[in-house]
Structure formats: structure tokens, C-alpha cells
Amino acid sequence: MKKYALLPFNFIETDGKEVLINELGDMLVVGVGSVEKIVKRLPIDDDLYKSLVANFFITENPLPPLLDVYASRLKLKKGFMDDGTALHIFVLTLRCNQNCTYCQATSRDENAQRCSMTKEMMANAVNLMFHSPSKHLTMEFQGGEPSLEPDLIKYGIEKAEAINLTEKRKITYVLCTNCRNLTSEVLEICKKYNVQISTSLDGPDFIHNANRGKADSYQKTISGINKARNFLGKEKVAALMTTSELSLNYPKEIVDEYVKNGFDGMFLRALNPYGLASENDDWRRYNERFINFYKTALNYIIELNQNGTFFREEYATIILRKILTPYTTGFVDLQSPAGIINSVLIYNYDGYVYASDESRMLAEKGDYTFRLGKLSDKYEDIIYGEKVRRIAKIWSNEVLAGCSNCPVRVYCGADPVRNHSTQGDMYGFRPSSLFCKKNKAIIEYIISLIAHRENEVMPIFKSWLR
Amino acid sequence: MTITVDRRIYSDKCISDVVYWLSYCYTLERTIDGDFEKITVTSDGGEKFRTEFFRRLNDCKLRSIIETETKDIRTILYAKAFGDFDCLTAEEATE
């Protein structure tokens, strides 16, 4: 065995195996005790040695000959930093026609006044969006219930289309709706401008209705989904679920509901501590239960795939993309530097720009920490302003205590908004952070599946990435 | 309960890291005495605490060796990947 130098890597232990993880997120599964042998230069077998060299864990030269390749791959992993903000969320109104028990957006009654965006605000917001250098722009309409404001949707899209005649960006339009009010007018707009529908389906009727606070909610959502599919095409309708306390008891039933309704995937999404959801009395218990819920549901989804039904879990897919491909993901919650501002901006009905969806939810509770400026302000003053510069000092998990030396850091992200809202400061304290606990548990679980059930799960995981 | 740690074996970084993670559940007071550090646990952790403390300390030591040994190559790697120093003013570079 030649003399070698170590390259940066970290490791986790999982049931009798060690998993080495380097700065690129490449993994190598080895036997327990291997790390100690590698570090102390004790004898290791030839095959392991070759794998360690080939996968950038050790080097036979002080400066590895492929260092430039390594650096290029690292740059690619952080590619979203050069791309500019791609996701632009337009919160059209707080008006809503449902009464969700965990509403994170602090929605108001359907007939409420003065809680919708004006056309002037929309025009300013669209102009700001085009100041982002991103070649791909996603213009996402949220609420409240944005389908209650069809004129505003149409106005915003037409404004964007007009500007795009010269800008030539690739624009994706998304309408986040509960599907209760998918009128012909709304659907015509969607058809004309190729708008995708993102709706909420929490599971079978008894879960969905309980979560959404109306007895007919499930039936309305399903008929809305079918109506949208018939009018726009099946591929234009996606659904998201939110895991309420009640949902935690029914992981398999919720997955079955998605399969039954013809979806080929779902996002097992935890509740976030904003809006009404922040009033949950025991977040620690919820977090523990959610982790178990997630594992049960993921295993069930793997089983479905083994039995011939292609069905993807989206959160796992994001993590797998980080583990198994050289590319970055656009998922805001698992980015470092953080997804806020870098990957998403919020144009709110109140006339202000916010750092993330959660930031505007905090504003409804009177906390304007992440309000970045007015919709009428200059883009540069918002994006390069004092507030953003202050947030930027703590938005990379590479420099945060408790994160910088975490073995799964490369797959995880930083979330100053969550730290601020749950712990009272943007920097955060990892030992008590539920964001940290949940992400670490799920990432480590997915790694353990690869380490212990490789032959069984890898063909399925790879199929999710295609 | 007081635990004595030999600072010639375990670096300040390692001890600090372990104290950081355990400080959520325990109140810990650190006192340096020559080559040794005394860690006083004001809430009663018992033998379970001692075992957990040294498990974490030894785990951290291994990670710390890798981190220390690869510090320079990591700096070079990040500089190659993201270095764009021409664009920075002297003031920004030292900020």
C-alpha cells in the first residue's frame, strides 16, 4: 500500500456498517472500523483502497491530479447560486374558501376585504421577477385561495408574457389551489397559458375533511382534480399532502389514496410551525411521530414499487438526487446557501417582498424580520440590501455550529427563517432544532436503506430519478 | 459529577463539540487545570452521562483528525470551485 493523504470526508455508522461521505455527496459503504484504519494508515484491503482513491476519499499525491474535476463537480453542486432566483411566489390574497385546521398562511374569510393584491402591486412584482437573471422562471400563484382572484392571475400572466416577448425566458406558471373553485374562467386561463395545477390532497375523505374543516372538502377536491385533468390533461395536475396529527396514524391509507387517484408520486410533507399550525402544543412529539410516519410510508411505497406499481416519494427523490447524481436540486428547504432569496422570492398581497413563503407567514403574526422591501423598490436594493447581507452571514450550513461537521451536511440545508421562528435567532441551536432532527433522521434512513438493502432499493431509487 | 479530560489527547475543538451537543440536556461547566479539563455536570447525569460523553469524545476525535488533515486541501478545493477574487474590493475581501 502506497503512502496516501486524506481528502475531506465525514462518515456515519449504521447497523454494522460505516458510510463515508465526501464533499460532493458521493458515498462509499464500508465495514465498521474502516474509518479508523484509513485514518491511522492501518492495512486495508486492495479493493477498498482502490475505491477510496477512485471516489475522492484519499489521494496518493498531495495535490490530487483530478482536483480540477473535483472542484468543477463541487461548483456544479452549488450551481443554483449562479442561476439566480427561479421560484417567484405571488401571494394574491389571504381570502379563502376553506377552514384548514393547520392553515399556515393565516387565511381569511372568502368575503374579507383589503387582503388582496392590487394590479399595480402585481405589475411591480412581475417587473421585479424579470430582474432575476434566471433563465427559468416559475411564477407560482398562492393564497389564501388564489383561484378567487382570476382577474389578477390573468393580469399577472399577461404582463409576464408581454415582457417575455423580449426577455425570452422559460416561464412555468403554477396555480396552487384547493380545487374548490375551479371555474371555467380559471380553467380557460390555465389552458391558454399552460398553467400547472398544484393542489392539496391530505388522504382519504375522513382525513382530508377533518384537516380542511369542511365536510364536502374531499369530494370537492377530487371532483376538482378530475375536472382539471379532463380540461388540461392529467400531467398538468399535481397534489401535495400535509401531515396533520390525525394523518400520522394512517401512512399506508394516505399512500393508497394517491395511488387510487392515479398519481404516480407524492410528497410526504410535515407540518411547519407557522400560522395556525404554530399553535400545535407539542412539536417535539409531532416531529418524532412524523419521522416514524415517514419511514413507514416510504417502506410501503418501496413495497408498491417492488410489486410493479411505479410510485415516487418526492422528498426521498430530492435527497437521492443529491446522493446519486452530480446535480443540484431546486428544493428550497435543503439548500446551502439557503434557498430563501437565492432560490425563492415572495411578492405578497400586502405590497412587500419577503425572503420565503414562511417569511410572509411570520409577517401575519406581526414578525417582519424577513420583509426585504416594497414591491415598488428597486430589485438591487432588495436583493443586495442590508437585511439580505445580514442574513447571508448565517445562511450556509458549512459555517454553522452543529452543521459544519455534520456527516450529512452536504445533503441538508440551512433555514434561518425556521431557526428564527422556532428558536428566536436566525443562527439556530442544532441540538434542540427539530428541523435538524427531522432532516438528519430521514437522510440517514435513506442512506441506511442504500447501505443495507442496496440490491432491493437501488433499482427503485434510480427509477425515481429518471 | 465531574469528568476529567486529558487535553493532550482530546483537543479543545473536540471537547467543545461534545459539550455543545450535550448542553441541550445537561448543564455543563468547564474548568481548565493544566493539561486537564474538568467538566462539571450540574444536573445529575450519572454513569450514563459519562459513557455518552466519552463515546462522543472518541467519535469526535476521529472526525477531527480528518478535518485537521484535510483543512488545506479543502481550502484549495473551495478556492478552485468558487474563487472569483478579481471581482472583490479589498474591503469586501476582508469583511
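Predicted model: local features only at pLDDT ≥ 70, side-chain atom pairs only at ≥ 80, totals over all residues.
Who supplies chain A's side of that? In chain A, β1 (5-6), β2 (9-14), α1 (34-39) and α3 (67-77) each put in at least two residues of the side that touches chain B. Of these, α3(A) gives the most, with six residues. If you sort chain A's side by class, you get 20 nonpolar, five polar and eleven charged residues.

On to the charges. There are three salt bridges between chain A and chain B. One of them pairs A:Glu23 with B:Arg74, and the closest N and O atoms there sit 3.2 Å apart.

Now the overall contact. We have 36 residues of chain A in contact with 23 residues of chain B. Together the two chains bury about 2600 Å², with 67% of that on carbon and sulfur atoms. On the chain A side, the residues losing the most area to chain B are A:Phe11, A:Asn405 and A:Pro431, together 19% of what that side buries.

Let me switch to one residue in chain A, A:Asn305. You'll find A:Asn305 in helix α11, residues 283-306. Is A:Asn305 buried or exposed? A:Asn305 counts as buried, because its relative accessibility is 12%, and the cut-off for buried is under 20%. Leaving out residues up to four places away in sequence, A:Asn305 touches A:Phe310, A:Phe311, A:Ile460 and A:Trp464.

Conventions:
Residues numbered from 1 in each chain as written. Chains lettered and ligands numbered in written order. Heavy atoms only, no water. Contact = heavy atoms within 4.5 Å. Buried area = accessible area lost by both parts, 1.4 Å probe. Salt bridge = Lys/Arg side-chain N within 4 Å of Asp/Glu carboxyl O. Helix = DSSP H or I, 4+ residues; strand = E, 2+ residues; numbered from the N terminus. Nonpolar A, V, L, I, M, F, W, Y, C, P; charged D, E, K, R; others polar. Buried < 20%, exposed > 50% of the residue type's maximum accessible area, 1.4 Å probe, protein only.
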